[in-house]
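Please have a look at the model first, and then we will go through the contact together.

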Amino acid sequence: MTVCVGVDIGGTKMRAGLVDRAGRIIDIKVASTPPSPEAVLGGLVELLAEVLENSESPVEGIGIGAAGLVDVRAGVVRYAPNLSYRDVPIVDVVSRKFGVATTLDNDATCAGYAEFRIGSGQGAEDMIMVTLGTGIGGGFIFGGHLYRGSQGFAAEIGHMVIDPSGPRCGCGQVGCWERLASGTALGEMAREAAALPGGARILAAADGQLERVRGESVMRAADEGDPVAKNLIEELGRNVGVGLANLANILDPERFVVGGGLIRLGEALLAPARAELLEKIEGAGYRPEVEVVAAELGDDAGVIGAALMVSSAL
Ligand SMILES: [Zn+2]
């Protein structure tokens, strides 16, 4: 059996898994993402050594997905606003250390590729992956192929400005989509609500400590039937829908596949997003509805996609 390793370097966690050619995970290891780029490289090498050591079959390639502007040809992460990466030469370091073919791509592009090949993007020739996590990432499949743009920087959809007078983003702009529709945005909305009398149940879900209120506190309060929490999730879903409408107007996809940590909210998030998309898209009554579906592969999508990408490049 031939296997490849897929790696997903996220804002809080790094995952590395052994994956077979069909995209099945054989083994996976998870570690915290260290705070500095230098420490990330060190932590990544350690994590990979552990995974490779456990493999019963020879590992043919290592595919890596990382957030931000990824120079696919050079194998360098040029810039990641949420992770303080600037010109990190990941492929060079990893391929020298382990001596196998190594590829690097954007993390959401990897997740999108996995969903397209074996998840809920199957059968769609024109699909947009949207990952709702700490920020918002994107992956484009057009005509059945990945679309990366001239430099590999395409699909940085989280930094599409949807409110020119909105809050400042890590990228330096204001009102970026991810400032209004990500997990971070939900956390901020939750802290605002929890400071008011109506937000008592959200506050209680964070053990009564305002500074500990996160997006998860809203999810917990909503699960218990709290109407304030449910309203926040609906507002977040509407904000998601605004970005989807912009993307649909520009790119005319057949399907949006929505993943990332926030997709645990399921229809509570997707239903208002669909409603907003329908309201904002051009000529809604004169075109087929754009599908908006939940991703299937969960937290492992990035690992699977990165491994499938390197194995298809071998
Ligand atoms: Zn931004």
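This is a predicted model: local features need pLDDT of at least 70, side-chain atom pairs count only at pLDDT 80 or more; totals for chains, interfaces and linings use all residues.

How much area is buried between domain 1 and domain 2, and what percentage of that area do carbon and sulfur atoms give? The buried area is about 1700 Å², with 62% of it from carbon and sulfur atoms, where buried area means the accessible area, taken with a 1.4 Å probe, that two parts lose on being put together, summed over both.

Residues are numbered from 1 along each chain as its sequence is written, and side-chain values use heavy atoms, leaving out hydrogens and water.

The domain assignment, which is an automatic or database one, gives domain 1 as 3-116 + 299-313 and domain 2 as 124-295. Contact between them, meaning heavy atoms within 4.5 Å, takes 20 residues from domain 1 and 23 residues from domain 2.

As for charges, the count between the two domains is 1 salt bridge, a term that requires a side-chain nitrogen of Lys or Arg within 4 Å of a carboxyl oxygen of Asp or Glu. Asp105 forms a salt bridge with Arg148, and their closest N and O atoms are 2.7 Å apart.
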